[in-house]
Amino acid sequence: MRPMLDGETLVRWLDAMGWSVSPRGRRTFRCVRSTEEGALDVYLRWTDNWLVASIVPFLTTGGSPSFELSRWLLRQNRDMRQIKFAYDEDGDVVLSVELPTESLDPGELHTALEQLEREAVRQRATLRGARPSESTT
């Protein structure tokens, strides 16, 4: 039985999609793309069954996320398809998409990464707009 997805195939697909790819271990890649909200670093890790693409960290909390942030993230998760926020082991916010590798094709990966990029740009713009403005008094 052949593996569902291998590194060479994944790199070939990502290159064709215009992502800059560099290895970060045996089954992990760092992919970079410029967006209107700045550089987007996505880490892709795959197993025999799953491919997980994550922006780590999406938002740094210093290890103590607020209750209001948690509520906001849950509301966003409710309204997003496939893309989800979570906390990592340091308490920072991660934005991820998980895809089963069993029948994964380049079009499905392209759509998922496009959605991840679109949500990252949209959510970053929202968060930047929500920051208290600095007073110049």
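Visitor: To start with, how much space lies in the largest pocket?

Guide: Bearing in mind that this is a predicted model, the space in the largest pocket comes to about 180 Å³.

Visitor: And which residues lie nearest its centre?

Guide: Eleven residues line the largest pocket, and those nearest its centre are L59, S66, L69, W72 and L127.

Visitor: Which element gives the largest share of that lining?

Guide: That is α3, which contributes three residues to the lining of the largest pocket, while α2 (67–79) and α3 are each the source of at least two lining residues.

Visitor: What about nonpolar, polar and charged, how does the lining divide?

Guide: Six of the residues lining the largest pocket are nonpolar and five are polar, whereas none is charged.

Visitor: Changing topic, how many salt bridges are there?

Guide: The count comes to five salt bridges, and as a general point, side chains of opposite charge can pair when their charged atoms come close.

Visitor: Let's take D48, which residue does D48 pair with?

Guide: D48 forms a salt bridge with R27, and the closest N and O atoms of the two are 3.2 Å apart.

Visitor: How accessible are D48 and R27?

Guide: D48 is partly exposed at a relative accessible area of 47%, and R27 is also partly exposed, with a value of 24%.

Visitor: What does E117 form a salt bridge with?

Guide: E117 pairs with R33, with 3.0 Å between the closest N and O atoms. Because E117 belongs to helix α3 (residues 106–130) and R33 to strand β2, this pair ties together parts that are 84 residues apart in sequence.

Visitor: Is E117 buried or exposed?

Guide: E117 counts as buried, since its relative accessibility is 18% and the cut-off for buried is under 20%.

Visitor: One more pair, then: how far apart are N and O in the salt bridge of D79 and R78?

Guide: The side chains of D79 and R78 meet at 3.1 Å, taken from N to O.

Visitor: And are those two buried or exposed?

Guide: D79 counts as exposed, with a relative accessibility of 54%, and R78 is exposed as well, with a relative accessible area of 61%.

Notes: Residues numbered from 1 in each chain as written. Predicted model: local features only at pLDDT ≥ 70, side-chain atom pairs only at ≥ 80, totals over all residues. Heavy atoms only, no water. Salt bridge = Lys/Arg side-chain N within 4 Å of Asp/Glu carboxyl O. Buried < 20%, exposed > 50% of the residue type's maximum accessible area, 1.4 Å probe, protein only. Helix = DSSP H or I, 4+ residues; strand = E, 2+ residues; numbered from the N terminus. 1 Å grid on protein atoms, 1.4 Å probe; cavity = no way out; pocket = protein on both sides within 12 Å on 5 of 7 lines; lining within 4 Å. Points joined across faces, edges and corners; volume = space filled by probe spheres on them. Nonpolar A, V, L, I, M, F, W, Y, C, P; charged D, E, K, R; others polar.
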